[in-house]
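Here are a few friendly notes to read alongside the structure. Take them one at a time and find each residue as you go.

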Amino acid sequence: DEWEKDLLEIFCANLGTAFENLTLNLELENKVERRTAELRRAKEAVEAAMHELETINERLITANGELETAKSIADQDMRMAVNVQGNVLPTVPPKSSGWEAGYYFRPMAGVSGDFYDFFPDEDGSLAGIGLFDVSGHGIASGLITMLAKSITFRRFRAMRGSSLSAVIDAANEDLIAELDNVPNFLSGVMLRFGTDSVEYVNAGHPDIIIRRTDGTCMNLMDAPDNPKGFYLGIKSMQLPHGVCEFPVGKGEFIVAFSDCMVEAWNHASEQYGLVRLAASIAAIEPSLSAQQAADFLMERFWSFIDSAKLPDDLTLVVVKKL
């Protein structure tokens with residue numbers, strides 16, 4: 001009858017809804033399971049990543065400790081090298097009745113690739129000077145400066161009766177033998193003083209400048225007999241070095257310098273240059289001592305450079321004829 005039909009329709013409708021709910025529940029359960037699995041995998045990935053990060057962090061801590069130890073050793077080595085180099089380089093120039101010397105020396109950082117020397121005669125008086133520049137920077141260059149200083153000093157003392165060109169050639173042979181397979185080389189100048197004259201050799205270095213008594217400056221770069229030769233310590237460039245001799249009068253100054261002296265820049269991007277250096281040398285008062293003249297030149301230099309960082313080691317040697 002109609003009542004049974006209605007009841008059957010209601011039952012079927014409820015049964016359809018039940019099936020829909022069952023389907024939705026199954027889909028929801030599947031989504032929950034998939035999401036749970038995704039979350040579980042994500043958690044496992046995060047845990048693996050955290051473990052890897054912890055491992056990396058431990059390695060970084062270990063590496064940092066090793067770097068700090070290595071830096072401490074390097075700093076200690078640098079301090080030792082600075083002390084050794086400082087003890088090797090002369091601090092007080094010898095004097096003589098005819099000549100006196102002054103100097104300024106400033107490494108760019110730590111040990112220097114520049115070195116200077118004052119060569120004494122048999123009686124201990126000033127017989128000559130040397131100023132050299134080793135290529136490169138750091139401890140390696142600093143070690144070569146000490147080796148080269150020993151060689152040039154020994155050759156100058158042992159070959160008093162030989163030409164200064166023979167002295168520098170013999171020193172070059174020693175350096176080539178000692179620096180075998182080492183990429184560093186040297187430039188430099190060496191001077192030997194006579195009564196009223198100076199013997200001069202140049203191995204690829206900036207030429208000296210002479211201040212005459214009338215205030216004019218003579219750069220040996222412009223001299224017709226300029227003996228400028230090749231670098232030292234390079235076998236492929238081992239050729240004899242030339243030598244020249246020039247007179248020096250009483251009260252005249254000789255200025256030797258490393259290339260930093262003319263290559264330094266100030267904050268306005270202006271280079272000090274050879275012209276400014278020559279002008280400063282010309283302004284030296286004849287009454288100044290060699291050291292006072294060196295101090296004067298450095299005062300002019302620092303006034304121009306101000307607080308700008310030096311591009312290289314800086315060495316200046318001034319000699320005065322008494």
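1. A definition to start: patches are made of residues with over 30% relative accessible area and no salt bridge, and like charges are joined within 9 Å. In this predicted model, Asp1, Glu4, Asp6 and Glu9 form a negative surface patch. One of them, aspartate 6, sits in helix H1, which covers residues 2-88. Its relative accessibility is 42%, so aspartate 6 counts as partly exposed.

2. Now the overall shape. The protein chain contains six helices and eleven strands. Its radius of gyration is 39 Å, whereas a compact globule of 322 residues would have one near 20 Å. Along the principal axes, the C-alpha atoms fill a box of roughly 150 × 40 × 35 Å.

3. Arginine 35 and glutamate 38 form a salt bridge, with the closest N and O atoms 3.3 Å apart. Both residues belong to helix H1 and are three residues apart, about one turn of the helix.

4. Which parts does the pair of aspartate 121 and arginine 160 tie together? Their salt bridge has its closest N and O atoms 3.6 Å apart. Aspartate 121 lies in the loop between strands E2 and E3, and arginine 160 in the loop between helices H2 and H3, so the pair links parts 39 residues apart in sequence.

5. Finally, arginine 154 forms a salt bridge with aspartate 174, the closest N and O atoms being 3.8 Å apart. Arginine 154 is in helix H2 and aspartate 174 in helix H3, so this pair ties together parts 20 residues apart in sequence. Arginine 154 is partly exposed at 43% relative accessibility, whereas aspartate 174 is buried at 16%.

Terms used: Residues are numbered from 1 along each chain as its sequence is written. This is a predicted model: local features need pLDDT of at least 70, side-chain atom pairs count only at pLDDT 80 or more; totals for chains, interfaces and linings use all residues. Side-chain values use heavy atoms; hydrogens and water are left out. Patches are made of residues with over 30% relative accessible area and no salt bridge: like charges are joined within 9 Å, nonpolar side chains (Val, Leu, Ile, Met, Phe, Trp, Tyr) within 5 Å. Accessible areas come from the Shrake-Rupley method with a 1.4 Å probe; for residues, only the protein chains shown count as cover. A salt bridge is a side-chain nitrogen of Lys or Arg within 4 Å of a carboxyl oxygen of Asp or Glu. Lys and Arg count as positive and Asp and Glu as negative; His and the chain ends are not counted. The place of a charge is taken as NZ of Lys, CZ of Arg, CG of Asp or CD of Glu. Helices (H or I, at least four residues) and strands (E, at least two) are DSSP runs, numbered from the N terminus. Buried means under 20% relative accessible area, exposed over 50%, partly exposed in between (1.4 Å probe, protein chains only). The radius of gyration is taken over C-alpha atoms; the globule rule is 2.2 Å times the number of residues to the power 0.38.
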